[in-house]
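Have the model open as you read.

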Amino acid sequence: MKEKYFPKEIEAKWQKRWAEEKTFEVTEDPSRPKFYCLEMLAYTSGRAHIGHVSNFTIGDALSWYKRLRGFNVIHPFGWDSFGQPAETAAIKDGTDPEKFTRDAIAYMKWQFQRMGISYDWSREVATCDPEYYKWNQWFFIRMFERGMLYRKLSPVNWCPKEDISLSNEQASGGVCWRCSTPVIQKELMQWFARITDYADQLLDGLTTLEGKWPDRVITMQRNWIGKSLGAHVKFDIPECNESVTVFTTRIDTIFGANAIVLAPEHPLVSSIVEGKRYGAEVLAFAEKLRAEQRGGRAEELEKQGIFTGGHAVNPFNGERIPIWIANFVLIQYGTGAIMAVPSGDQRDFEFSRKYGLPFRQIKLTDDGREIPAEELDAADDGWTTTVNTGEWSGLSSEEANRRMTGYAEEKEIGKGAITYKLRDWGVSRQRYWGTPVPMIHCGECGIVPVPDAQLPVVLPKGVNLRVEGGSPLDHVPEYVNVTCPKCGGPARRDTDTMDTFVDSNWYYFRYCDPHNDERPFDPEKVAYWLPVDQYIGGIEHAVMHLIYTRYWTKVMRDMGLVKFDEPVSRLLTQGMICKETYQCPNPDHDWLFPEQVTAEKTCSLCGRPVNVGRVEKMSKSRKNAVDPIEMIEIHGADALRLFVLFAGPPDKDKEWSDTGFEGAARYLQRVWRLARKWVDRKPGQLETGVEMNVHSRKLRRRTHQIIKRVTENLEERLHLNTCISSLMELTNEIQAFDAEVDKQQAATPAEAAVAREAIEALIRMLTPFAPHIAEEMWEAYGHGSSLAQSQWPGFNEDLAREEEIEVAVQVNGKLRSRLFARAEATEDELREKALADDKVIAAAAGREPNKVIVVPRKLVNVVFK
């Protein structure tokens, strides 16, 4: 070993050797247990930052550990390479989206390779490769043939000036990102997947994931699916000869309804306001609410509404109640209409108080009291006893709910129902940079799939993305105008592209067989590798991706491609790496890089005091992202990996710290010096019965204790930060042992053997966190093959057991003495030792103890009267 640790030199050496020896490439091997470790598909944003490093090093640490435990580990990687940012860049500055994407892939791949992450790059996929998206199209056709896909009119964000559809991001704030024209809603034909057919399966499957997926994710998915049992109730609107149906889970509260509230885009709005004095004002307000809904989440918006001038009739008591429009009612949930019950729903309570809508109390308190509506401070959504509810007054809420649903069905004014918040998934987009929809529209034959032999339908190159009117593909006649594969007549190719969630639904199945050009994957290979044993990604994917991929797996099961229901056994949602932000009040400067801020916290560009932002997740737009390559150049990849894993638990947010990073580098240098000091000392044999001195016995004990602790933390809890803390403890123990040996003339063979056992255990346990330096030290200690072919150190329970423990001895609750006993000493043994203690005997003064309290391994309290 060299005297000094040179991370750049060592890391380059081992990255080259791993690549040449194909160390991380694997194939199916039924004789070995498999482990599929997966981080979520990386988006090709252009540059990776420390947040990416944190995510991917968690998976890499686990992959290394499982390798050392003898598992056949698949740890693949790929690129979520379709999507809007590349197309946006192309529109802004004329960059070809494919070039933007390929350049981003090349740079980010180089970054990850510099990190030394143990990916099997032979399995790499990019979703923008025709060889990959061919199978998106194949799945699309199979689903269409099975009735799992359909088209319908659906509203999209539309810029009337540019004559194009916009994503929610492009319509942020209710205006077009390109020309600032107010965005409107326009109905376009869209493709939808019938995910609602699988709603109950998706819901039931969550039960099997409990304890394996974060509770928070399971709760979010249950809420997203949103299964509700209740009733549909019809309210007539006599003045326009219409009726509106609402869904309620609490029909027992219908006597407390004080309004019908519609979503701003509800189809009945125009009929209700027709001929009304303020009809135009109501319609304008409704459009304003719709624009605000497009710009933000409904639950985050201030509750706003307007009275339409119309009234509906409550079918249970005949009361006329006003019809309002409000921004907290969404057209895509339920029926797009609700009955407001202020005494039973907090949202309705706040809305009614704000707009002065009177209401009645329809519930008793738990102790049987009726609180007048005007005295209520908040709604009560509990199940209690009904009051002021006609013939159903005095019933329990549950019983009233059941009987009133039956009454509604008998009188044909309603019906028991089950609803879901989940809606069919819109899978088409009017953009260029995505998987082309493989369908053809023929005037004679209707919609006809592209024949399998003609797949993939490849995106044309050189498309003008700045055109006005529809999708950019609409303006490529050689792409659009085709022959119908069924009748041979003239036809048009579908110009929509697929939602990028289609790409990420099944990519990890393709990893199992990435070069198959005859089918998406070999089912036998997938049966070996899947389900994924550990999936790692951000909480932002709790719904959408993680629901869609579960759905897609069930679709593939029904196609006969797989035999399991759930694709991911365990899920970890990693925390963010956060850093302080700086913002200048001058809008021309806005967010500042740290180097643009003076020591006095002023902007170096204009001298104005900056706003020091809270510590928040790294973001390029806020200029607080840290480039991993810059950090690698300073202290190396191993120090960077070690720091981000040591900074906190994997599932918690962590704060970036330059001093913490430097501390990680210093620790590795310390390990290097220790290993070098002992590398040439000839060890003896660690045989049973060999006499050892005190410091040797202590180091052996601590070595086996720490092996046990680190193993348990990796196996059961994935507490990587505490694993590293334990390795630092072991390093300290080795240093203390080394200091004791230095007091002698030379180390004995037994001491050298104890040191080597500890250091080699440390090296192997350090491998998941800092693999380059571990490999270099392992080789220096005489091992000819990579640590990837080595074994995780085992621990001996007997050796890990403490030889003696110290137990406090109290007399009447006051500390009097201390005794030493075997770690496994019984309560009787501890009691006997305490009563024989000289200080206890002196305190007893000939008295017999009233009682002796023993807390095993901690204390003995002798109580005298």
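Start at Leu 68, which, neighbours within four places in sequence aside, is in contact (heavy atoms within 4.5 Å) with Arg 764, Thr 767, Leu 787, Ser 790, Gln 791 and Trp 792. Before going on, note that this is a predicted model, in which local features need pLDDT of at least 70 and side-chain atom pairs count only at pLDDT 80 or more, while totals for chains, interfaces and linings use all residues. Residues are numbered from 1 along each chain as its sequence is written, and side-chain values use heavy atoms, with hydrogens and water left out.

Is Leu 68 buried or exposed? Leu 68 counts as buried because its relative accessibility is 3%, and buried means under 20% relative accessible area with a 1.4 Å probe, protein chains only. Leu 68 belongs to helix α2; helices here are DSSP runs of H or I with at least four residues, numbered from the N terminus.

Helix α2 covers residues 50-68 and also holds Arg 67. Arg 67 is buried too, yet has no salt bridge, meaning a side-chain nitrogen of Lys or Arg within 4 Å of a carboxyl oxygen of Asp or Glu. The nearest side chain of opposite charge belongs to Asp 60, 5.0 Å away; in this scheme Lys and Arg are positive, Asp and Glu negative, and His and the chain ends are not counted. What does Arg 67 touch, not counting residues up to four places away in sequence? Its partners are Phe 24, Val 73, His 75, Ser 118, Ala 788 and Ser 790.

How values were computed. Helices (H or I, at least four residues) and strands (E, at least two) are DSSP runs, numbered from the N terminus. Buried means under 20% relative accessible area, exposed over 50%, partly exposed in between (1.4 Å probe, protein chains only).
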